[in-house]
Amino acid sequence: MSKTIINSLPKGTILHGKTYDYEILKTLGQGAFGITYLAEVKLRGELGAVNATVYVAIKEFFMHEINGRDNTSVTSGNKEGVYDKYKKKFIGEAKNLSKLKHENIIKVIEAFEENNTVYYSMEFIDGGSLDECISKKGCLTVDEALKYASEMASALSFMHSQNMLHLDLKPSNVMLRNGIAVLIDFGLSKQFDEDGNPESSTTIGGGTPGYAPIEQANYHGSAKGGLPVTMDIYALGSTIFKMLLGHTPPPASDILNDGFPINELRAKGIDSKTEKLVIHSMAPLRKDRYQNVKAFQAELIKISNGIHYEETVIDVDVVNVDNHKSTKKKENDGVIPKQPEKQASKPSNNLWLKIALTLVVCTAIFYFLSDNNELSSPEEITTFVEQLPVIENNVQNLKFENSKGLSYSYSGEINSQKMPHGKGSGIYDNGKYVGSYSNGLRHGNGTFDTSDGENHYQGAFADDLYSNGTLALSNGMYFVGTFNNGQPYNGTWYNKDKSVNCTIKNGK
């Protein structure tokens, strides 16, 4: 059942901005502090105005508990100055948003006053929200979730560099522009000073249960100084949680008291490093979270590239969803696997691993010598042993030719057919790739840098070709969108200063 929109502007209403006029086409939605419309831009000149066939979203400041409407003009009882206070705040937020020029943040065109209230116009994205995408699919794959998380993290990192927090990040506040995540709805966003204190006297807002950390509801400033970015990091972790599991995570207070529901991630087969990413981001105590987005992004890169690294020891309080008993344990990768029973009489796992590896190497050398029917030199034996598949079916610098006839030097995981499969890297004639492989082909998330340094691609591959991501050129221009046969197909070309150069539809 659709939500009833109260006192919205009628279709056909003309709003007069500072630069453009706008004709209201329909109402898109309503929240506690505003109504959002779809509008068409009208270009005006000295002799009149014409439609530009450009669609935008316009947000109107309208507090439905206080405001009414007389024709198109907004009326207000102004309960002890509440309306004026939040109207001023709305204007400030619109101005702050207009400064945020980033491909993963909604683009604000202009802010203006009319009808006794305030409006701002912004780009209209018709690709649906991330929340709608999750509802349609039930849940997302790890690769999909981490791709969107990377894009959201990039937007948050830029906001934080401008001393701004979003404070209401969640799947319904993320739109998908040609498959790229774009942050919207900055109704709770806040500008902070250099000491980490909100620039206005109002509280920052409690956020949305499941996505807001405990400290957000009562935050007025930091005695230690510094921007409290860990609040946005918590929401980012919660958003990954919903992408992977398909439902809203429990409130932060429940995680603090009952533990993190790790068994839900395990039931979905989520790998341990992604588990750690989510748990670390959603730690109830802010000191246990990633302390900045850069640290979060570094963890994402390690997961995407399949790098094996030493984990830090962190305390995790985990809840078993089957019996609702909370147990606190310490684990090297930030997750709680089943602990084996102590059996002093049995050799350790490391000892068995060493024995097994020794047997593999010895057996391989035996067959190598038998096949050649002659005693090989020590150098030949050493070379052969170095090329043997190692633990986890990894290989190093081996030559492969895939089904498309491309030859490359590969390091990484292989399948039972000895073909690149999983995480790895390949050196090709025209460049280097790092990311996911499937049966010898680049497939899944990865990066590719051409040998001449002219192109850098980051995003999804399909059947060895660019599929959905960002292609950056050495001159500073870059394309964001989808690809067909490896060529830009649907998306946008941006200039070096991040302004739009042109939009491509169906390859044109």
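The paragraphs below take up helices, nonpolar cores, a set of paired strands and a cavity. The model is a predicted one.

Start with helix α1, which covers residues 82-98. Its 17 residues should span 24 Å at 1.5 Å a residue, and because the end C-alpha atoms lie 25 Å apart, the length agrees with that expectation. The buried residues of α1 are Tyr83, Lys87, Phe90, Glu93, Ala94, Asn96 and Leu97. An α-helix has 3.6 residues a turn, so residues three or four places apart point the same way. The buried set in α1 includes Tyr83, Lys87, Phe90, Ala94 and Leu97, and the reader can follow these along the helix.

Helix α3 takes in residues 142-161, 20 residues in total. From its first C-alpha to its last it reaches 28 Å, close to the expected 28 Å. After α3 comes Asn163, with a positive phi near 60 degrees.

Next, the interior. In soluble globular proteins, nonpolar side chains tend to be buried together. Here the largest nonpolar core has 82 residues, and the members that touch the most others are Met152, Met243, Phe260 and Phe296.

Which strand sits between two antiparallel partners? Strand β16, residues 407-414, pairs antiparallel with β15 through six bridges and with β17 in the antiparallel sense over five bridges. Six of the eight residues of β16 are buried, so the strand is largely enclosed by the rest of the structure.

Last comes the empty space. Rolling a probe the size of a water molecule over the atoms shows where empty space is left. The structure holds one cavity of 30 Å³ or more, and the largest cavity contains about 40 Å³ of space. Its lining is made of Leu167, Asp168, Leu169, Gly207, Thr208, Tyr211, Ala212, Pro213, Gln216, Met231 and Ala235. By class, seven of these lining residues are nonpolar, three are polar and one is charged.

Note on methods. Residues are numbered from 1 along each chain as its sequence is written. This is a predicted model: local features need pLDDT of at least 70, side-chain atom pairs count only at pLDDT 80 or more; totals for chains, interfaces and linings use all residues. Side-chain values use heavy atoms; hydrogens and water are left out. On a 1 Å grid over the protein atoms alone, a cavity is a set of points where a 1.4 Å probe fits but cannot get out, and a pocket is an open set with protein on both sides within 12 Å along at least five of seven lines; lining residues have an atom within 4 Å of a point. Grid points are joined across faces, edges and corners, and a volume is the space filled by probe spheres set on the points. Ala, Val, Leu, Ile, Met, Phe, Trp, Tyr, Cys and Pro count as nonpolar, Asp, Glu, Lys and Arg as charged, and the others, Gly among them, as polar. Helices (H or I, at least four residues) and strands (E, at least two) are DSSP runs, numbered from the N terminus. The expected span of a helix is 1.5 Å times one less than its number of residues. Buried means under 20% relative accessible area, exposed over 50%, partly exposed in between (1.4 Å probe, protein chains only). A nonpolar core is a set of buried Ala, Val, Leu, Ile, Met, Phe, Trp, Tyr and Cys residues joined through side-chain atoms within 4.5 Å. Two strands pair if DSSP finds at least two bridges between them.
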